[in-house]
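Hi there,

Here is the structure I promised to pass on. Please have a look at it first, and then read my notes below.

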Amino acid sequence: MRIAMIGGGYVGLVSGACFATLGATVVIVEADQHRFNALRDGRLPIYEPGLAELVSAHRAAGRLRVVNAINEAVDGVDAVFLAVGTPSRRGDGHADLSYVFDAVEQLAGVLRGPTILVTKSTVPVGTGARIATMMASLRPDLAIEVASNPEFLREGSAIEDFMNPDRVVIGTNGPRAQAHLGALYQPLTAQGVRTLFTDLETAELIKYASNSFLALKISFINEMADLCEKLGADVTQLACGMGLDHRIGPKFLRAGPGFGGSCFPKDTQALARIAQDAGAPTRLVETVVAVNETRKAAMTGRIISACGGSVRGRRIAVLGLTFKPDTDDMRDAPAIGIIHRLVDEGAIITAYDPMGMDHARFQLPARVNFCPTARTALNGVDAAVFVTEWAEFRTIDPDALRETMRGRVVVDLRNIFDPATMATAGIIYHGIGRKLCAATNRSDQPSQRLPVEQVYARSLSII
Ligand code: UDX
């Protein structure tokens, strides 16, 4: 099967490369010259584990091509996937569909035979029907069918999510689209993956409803974390106890600083707007949007109070800048708001992230001192704040951490560390939704500050 993928961003690249793995011949269209040049030269404009290798293997085998104009991609294709951006429209939270409709207009100018147009981008309910109407009026001579095939890819594990999905959702307005897309996913169906065929509107809504439900789960556990702090309970055990109930399930119950990323914030807002416009407001989803915004803003207050009520002139290390680990994506990352406000409050910030520093530089105040390693960011600071749970942070030895810092305050917004172990190391540890353990007071002991290189040689811990 031959397919064109309009958009060489995150969704387009992952889906294009994975469709090639499933046996299709794929042409990706990237109109942005800068991104196209990077792709042409074999560089990926995004970081996703395993993707660079997959793209390069398929290009070498002739299964995947990248071009920068739609007319170079559509000759003889069975289906065209739309994987262009649908950002939140400024001001009203609606998804901005201008890239989608631009692409449809261009396609109308160049398509020569019957084709299936498939939305991969997350689009408001009714978009597929609008595309069908547009094509029928622009190209009444062509038999165009429209489909919605939403992606459920998590950044950091997108290839695994694509190749081993919980389900494939295909919404169509005609039998040809259903047959072709069913055939495209046949290698997955053959392995037992359930494919759900629906109408266009239901497929479009499944994407928003799924993301909003997961976001709701996160906001629920975040509120439970606040309650745990008041009641002296532990949110990690609470989540475990809830998650063991199969009807609830253990996933998306990790309390933290609030959800970020390219999907949850945008999709919850869009669903709330779609529902308002349809006259069936989703009050739960509206509340999730509000609860999450409040939560992200509240995190700085937490840090300030952990630092004794003021951060003016205090040196603070912020570790983990991306919205979650294993990505370089800074979109709606909680770290952005936290760092801006800490700087406004007079803190001196050192920052480190394993993958996200290049993007972070553009979103954070110029005064932030970006450090090449966690160790250098932590050296001599009064307090350390962990905002993203990168695997390398889990290996940090608490004694080494204590020795490297000048102060003793650690604010762990992802519950990376064990509170009791941190307390034993003399750290004043603040997790999320967990009991405070009294830190061992080591101030009466002779200074334990070792030269930093010695500490790290001893612990082999942070890097
Ligand atoms: C999400 C959906 O999971 C995916 O199906 C969809 O298609 C795109 O959006 P992604 O944004 O890559 O994927 O990340 P995800 O792992 O879902 O996390 C989103 C946010 O929620 C992150 O900020 C993460 O830190 C936060 N989160 C997630 C929590 O705070 N707690 C959790 O238990 C899970």
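**The domain interface**

The side chains of glutamate 155 and arginine 331 come together in a salt bridge, with 3.9 Å from N to O. By salt bridge I mean a side-chain nitrogen of Lys or Arg within 4 Å of a carboxyl oxygen of Asp or Glu.

Before going on, a word on the basis: this is a predicted model, in which local features need pLDDT of at least 70 and side-chain atom pairs count only at pLDDT 80 or more, while totals for chains, interfaces and linings use all residues. Residues are numbered from 1 along each chain as its sequence is written, and side-chain values use heavy atoms, with hydrogens and water left out.

The domain assignment gives domain 1 (2-198) and domain 2 (200-463); such bounds come from an automatic or database domain assignment. Between the C-alpha centres of domain 1 and domain 2 there are 34 Å. To the contact (heavy atoms within 4.5 Å), domain 1 gives 35 residues and domain 2 gives 27 residues.

How much area do domain 1 and domain 2 bury between them? About 2,500 Å², with 58% of it on carbon and sulfur atoms. Buried area here is the accessible area (1.4 Å probe) that two parts lose on being put together, summed over both. On the side of domain 1, Tyr47, Val125 and Glu155 lose the most area to domain 2, together 28% of what that side buries.

Across this interface of domain 1 and domain 2 the rule finds two salt bridges. It also finds eleven residue pairs in polar contact, both residues at pLDDT 80 or more. A polar contact is a pair of N or O atoms within 3.5 Å; within protein, one must be able to donate a hydrogen and the other to accept it, and residues adjacent in sequence count only if both atoms are side-chain atoms.

Helix H5 (127-138) and the strands E6 (144-148), E7 (168-172) and E8 (195-199) each supply at least two residues of the side of domain 1 that touches domain 2. The largest share of that side, four residues, comes from E7. Helices (H or I, at least four residues) and strands (E, at least two) are DSSP runs, numbered from the N terminus.

**Arginine 139**

Arginine 139 sits in the loop between H5 and E6. At 15% relative accessibility, arginine 139 counts as buried, where buried means under 20% relative accessible area, exposed over 50%, and partly exposed in between (1.4 Å probe, protein chains only). Its side chain reaches the backbone oxygen of alanine 108 at 2.8 Å, and a polar contact of 2.9 Å joins the side chains of arginine 139 and aspartate 141. Leaving aside neighbours within four places in sequence, arginine 139 is in contact with Ala108, Gly109 and Leu111.

**Two loop residues with positive phi**

Aspartate 332 is not a glycine, yet has a positive phi of about 55 degrees. Aspartate 332 lies in the loop between strand E9 (315-319) and helix H13 (334-344), and is partly exposed, with a relative accessible area of 40%.

Asparagine 415 has a positive phi too, near 50 degrees. Its place is the loop between strand E13 (409-412) and helix H18 (419-424). Is asparagine 415 buried or exposed? At 13% relative accessibility, asparagine 415 counts as buried.

**Helix H1**

Eleven of the twelve residues of H1 are buried, including Tyr10, Leu13 and Phe19. After H1 comes glycine 23, with a positive phi near 110 degrees.

Best wishes
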